[in-house]
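Here's a walk through one protein chain, written for someone who would rather look at residues than read a methods section. Keep the viewer open as you go.

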Amino acid sequence: MAVLNQRSMALCLLFAYTFGHCFFYTSAELQRFEHPTKVDKSLSFLVVGDWGRRGAFNQSQVAFQMGIIGEKLDIDFVVSTGDNFYDNGLTSEEDTAFEESFTKIYTAKSLQKQWYSVLGNHDYRGNAEAQLSPVLRKIDSRWLCLRSFIVDSELAEILFVDTTPFVKAYFTDAEGHTYDWRGIKSPKAYISNLLKEVESTLKESTAKWKIVVGHHTIRSVGHHGDTKELTKWLLPIFQANNVDFYMNGHDHCLEHISDSDSPVQFLTSGAGSKAWRGDIKGLNSEGLNFFYDGQGFMSAQFTKTEAEIVFYDVFGKVLHRWNMVKQLHQSI
């Protein structure tokens, strides 16, 4: 399970002593969780997104196959790329959808590991604060969802970024939806501070593999296509700081695109339940390596010198496999 760094834990204990509850203090510094590699110094995890539908739309079948692959790979944890509960997030900490869409669905032994999750736009349409609440971790200790945070295994540093507030349309044209912006008093200030944290985290990272997880696409040929705000603000930071992978959901498909201007690989895993068959825009297909418009998930395995990304369908069939090799010692 994740280990909260000493500074954040001290703050947590302080609040527990003062108020009788232990919750996480929000500061300019992103919370960092240490998650050790295996004894052989390797790391493996599954990635799934856009899933929470009480088992419907093949969510249960995807979960079953995740359990099989998770056992085969001896995974260390699971990453959720957001839109964790449909259609409109959770209503409260007591919402039965949490257990009916999560606890009772991902029951395989191999999936009883830490789940690291970000919020998606559908999660913001409900009670976003509920998903961030420590109360849910008391119901199911696997659950950990924060706006933005870091998971550090030394081998790989994974930066989870809250991408929903970047999208201007959610503020200017909500299309009848109500978004829970309670934690974001000033979107401009929030985004500005987050961009600074993203840049400093990536710049200071000494990890062999730099990975960023967010809900929204940066590059996609699927329904939503490229997210222009992320292309404008986040992508240049990734390119300048040698990010290896950006993993996301939002488009209900599986997808792999290579950046034309840097080593960044864009990996979409948003097919945890309802998929959008035939919904391919293909407006910008440059660098497209793989696209699948059905349900499934993704695995990621890392050593000091190699990374392997594999996409699976709802039956556990391998759809796409991609390998990357890094030098053990970079030349000066």
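Is His 250 buried or exposed? His 250 has a relative accessibility of 5%, so it counts as buried, the cut-off being under 20%. Keep in mind that this is a predicted model. His 250 sits in the loop between strand 10 (245-248) and strand 11 (254-258). Its backbone is worth a look too: His 250 has a positive phi of about 75 degrees, although it is not a glycine.

**The chain as a whole**

The chain has 10 helices and 16 strands. Of its 332 residues, 59% are buried. If you take the contacts between residues at least 6 apart in sequence, 73% of them join residues at least 24 apart.

**The annotated sites**

UniProt, in an unreviewed entry, lists Asp 83, Asn 121, His 215 and His 250 under "binding site". These residues are spread over 168 residues of sequence, but they cluster in space, with a largest C-alpha distance of 8.3 Å. Asp 83, Asn 121 and His 250 from this set belong to the lining of the second largest pocket.

The unreviewed UniProt entry also gives "binding site" for Asp 50, Asp 83, Tyr 86 and His 252. They span 203 residues in sequence, yet no two of their C-alpha atoms are more than 13.0 Å apart, so they gather at one spot. From this set, His 252 is part of the lining of the second largest cavity.

You'll find Asp 83 in the loop between strand 4 (77-80) and helix 3 (97-103). Leaving out residues up to four places away in sequence, Asp 83 touches Asp 50, Trp 51, Gly 52, Gly 120, Asn 121, His 122, Asp 123 and His 215. Asp 83 also has a positive phi, about 55 degrees, without being a glycine.

Tyr 86 is in the loop between strand 4 and helix 3. With residues up to four places away set aside, Tyr 86 touches Asp 50, Trp 51, Gly 52, Arg 53, His 122 and His 252. The peptide bond from Tyr 86 to Asp 87 is cis, with omega near -5 degrees.

Ser 273 touches Asp 50, Trp 51, Arg 53, Ala 56, Phe 57, Gln 59 and Gln 295, not counting residues up to four places away in sequence. Ser 273 and Arg 54 are 219 residues apart along the chain, but their C-alpha atoms are separated by 9.7 Å.

| Residue | Relative accessibility | Class |
|---|---|---|
| Asp 83 | 1% | buried |
| Tyr 86 | 11% | buried |
| His 250 | 5% | buried |
| Ser 273 | 0% | buried |

**Helix 8 and the cores**

Tyr 190, Ile 191, Leu 194, Leu 195, Glu 197, Val 198, Thr 201 and Leu 202 are buried in helix 8. Seen down the helix axis, the buried residues fall within an arc of 165 degrees, so they line one face of helix 8. On the other side of helix 8, Lys 188, Lys 196, Lys 203 and Glu 204 are exposed.

What covers the buried residues of helix 8? The cover includes strand 2 (31-34), strand 7 (149-152), strand 8 (156-161), strand 9 (209-214), helix 9 (228-233) and helix 10 (235-240).

The largest nonpolar core has 60 residues, and Met 66, Tyr 106, Val 198 and Phe 238 have the most contacts inside it. Helix 8 gives the most to this core, with 6 residues. A second, separate core has 34 residues, including Trp 209, Ala 271, Tyr 292 and Phe 302.

As for Tyr 106, its contacts beyond four places in sequence are Trp 51, Gln 59, Ala 63, Met 66, Ser 101, Leu 111, Gln 112, Trp 115 and Arg 142.

Conventions. Residues numbered from 1 in each chain as written. Predicted model: local features only at pLDDT ≥ 70, side-chain atom pairs only at ≥ 80, totals over all residues. Heavy atoms only, no water. Buried < 20%, exposed > 50% of the residue type's maximum accessible area, 1.4 Å probe, protein only. Helix = DSSP H or I, 4+ residues; strand = E, 2+ residues; numbered from the N terminus. Arc of directions from axis to C-beta. Contact = heavy atoms within 4.5 Å. Core = buried A, V, L, I, M, F, W, Y, C linked by side-chain atoms within 4.5 Å. UniProt positions renumbered as here; feature names shortened; annotations may be inferred. 1 Å grid on protein atoms, 1.4 Å probe; cavity = no way out; pocket = protein on both sides within 12 Å on 5 of 7 lines; lining within 4 Å.
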